[in-house]
Amino acid sequence: MARKKIALIGGGQIGGVLAQLCATRELGDVILFDVVEGMPQGKTLDISEAAPVDGFDICLKGANSYEEIAGADLIVVTAGLPRKPGMSRDDLIATNSKIMQSVAEGIKQHAPNAFVIVISNPLDAMVTLCQRITGFPKNRVMGMAGVLDSARFAAFIAWELGVSVKDVNAMVLGGHGDDMVPLVRYANVFGIPVMELLEKKYKSAEKAKEVMDAMVKRTANAGGEVVGLLKTGSAFFSPASCAVSMAEAILRDQRRVLPVCALLEGEYGVNGYYVGVPCILGANGIEQVIEINLNAEEQALMNESVSHVKALVDSL
Ligand code: TXD
C-alpha cells in the first residue's frame with residue numbers, strides 16, 4: 001500500500017515536534033512547510049538523520065513553496081504566531097487570520113482532497129476561516145484543542161488521585177478559551193466517577209468539590225500557565241502529541257472517540273459554528289458528531305462557551 005502524504009503547514013515549535021512524531025510513528029511521508037527559508041529543510045534533515053536510530057523508513061522534506069504539498073492526504077496547520085505572557089488567544093486573531101488566508105488558499109489549490117487539522121490560535125476562529133476559504137466539506141476540516149484540554153484535565157486528575165494516566169477518561173468541550181467546559185460528571189477512572197474517588201479520598205463531599213473546582217480552573221488556564229513559564233511562546237509538545245493522535249485516527253481509520261472542534265449544523269443547538277464536541281474520527285475524518293446528554297448546569301456552561309466562539313467568529 002502506498003505511503004500516505006502528510007503536509008505540516010508551519011514548521012515552528014509545534015510543527016517540528018509534529019514532524020518527528022509522524023516520522024517515529026511512520027504515519028506517512030512528511031512535507032514540512034514554512035515561509036522561513038531553510039528552517040523546514042534543516043529540521044527535516046535533522047530528524048531524518050536519526051532514522052537509523054529511530055527505525056523509521058518514511059521520508060521527510062522541508063518546503064517553502066505550496067507546490068510541494070501537492071496531493072497531501074492529511075494536513076496539519078500550525079502557521080501563525082503563538083501567545084506571549086499577558087496575551088489572550090483572541091489577541092492573535094488579526095495577525096493569524098491573514099496568515100490563515102494564504103495557508104487555506106495554498107491548501108485549496110494544491111491539496112484539494114486533504115483532511116485538514118487546524119491548530120493555530122484562536123483555534124475556533126482559525127478553523128472556521130480555513131473551512132470557509134478552502135470550501136472543503138465539514139468532515140474534512142477540524143480543529144485540535146479539545147484533545148489537548150481533555151489531556152490536561154485527565155493528567156491533573158491522575159496526579160491528584162495517584163493513578164495511571166491510562167485509566168483516566170476526562171472530556172473538555174466547547175471553545176478553546178478560558179470558558180472551555182470540563183465535564184466533571186463524565187470524568188472517570190476505569191469507569192468509576194472521579195467525584196466518588198475524591199469523596200473517598202477526602203472523606204468530605206465539600207473538600208472533594210473544592211479539589212475538583214481547582215482542577216477545572218487549572219485546566220482552563222493550563223495554556224496560560226505554560227506560556228507564563230516559557231515566556232517565549234506557548235505549549236508545543238502536548239499540542240503536537242494531541243494533533244498526531246487525531247491524524248493517526250484518520251490515517252489508520254481507528255474510529256477513535258475524541259473531542260474535536262467540528263462544524264455544528266444543529267447539534268447541541270448550534271448552527272454554523274465550530275465547537276469542541278465528542279466525535280468519531282476515522283477514514284472519512286469526522287465520521288459522526290456525538291450528542292451527549294447535558295444537564296442544565298452543563299448546558300449553561302456550554303452555551304456561555306459557544307457565545308464566546310460566536311462573538312469571536314462574527315468578528316472575523
Ligand atoms: O491547542 C491549541 N490549538 C493551541 C494552538 C496549543 C498551543 C499553540 N497554539 C497555536 O499554534 C499558537 O498560538 C500558534 O498560533 C500556533 C503555532 O504555535 P507554535 O508554537 O508552533 O508557533 P511558532 O513556533 O511561532 O511557529 C509558527 C510558524 C513559524 O515557523 C512561522 O514562520 C510560520 O508559522 N508562519 C507561516 N507558515 C506558513 N505560512 C505563513 N504565512 C506563515 N507565517 C508564519
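## The shell around the ligand

In this predicted model, the shell around the ligand takes at least three residues from each of domain 1 (5-145) and domain 2 (146-316), the domain bounds coming from an automatic or database domain assignment. The shell holds 29 residues, of which Gln 13, Asp 34, Leu 81, Ile 119 and Met 144 come nearest; a residue counts as near if one of its heavy atoms lies within 4 Å of the molecule.

By residue kind, the shell divides into 18 nonpolar, 10 polar and 1 charged, where Ala, Val, Leu, Ile, Met, Phe, Trp, Tyr, Cys and Pro count as nonpolar, Asp, Glu, Lys and Arg as charged, and the others, Gly among them, as polar.

## Polar contacts and burial

A polar backbone atom of Leu 81 is 2.8 Å from an oxygen atom of the ligand, and a backbone N or O atom of Asn 121 lies 3.2 Å from a ligand oxygen atom. For Ile 119, a backbone N or O atom lies 2.9 Å from a nitrogen atom of the ligand. Taken alone, the ligand exposes 860 Å², and the protein buries 89% of that, with areas from the Shrake-Rupley method and a 1.4 Å probe.

The peptide bond from Asn 121 to Pro 122 is cis, with omega near -10°, although most peptide bonds are trans. Pro 122 belongs to the loop between strand S5 (115-118) and helix H5 (123-134); helices (H or I, at least four residues) and strands (E, at least two) are DSSP runs, numbered from the N terminus.

## How the model was read

Residues are numbered from 1 along each chain as its sequence is written. Local features need pLDDT of at least 70, side-chain atom pairs count only at pLDDT 80 or more, and totals for chains, interfaces and linings use all residues, while side-chain values use heavy atoms, with hydrogens and water left out.

How values were computed
A polar contact is a pair of N or O atoms within 3.5 Å; within protein, one must be able to donate a hydrogen and the other to accept it, and residues adjacent in sequence count only if both atoms are side-chain atoms.
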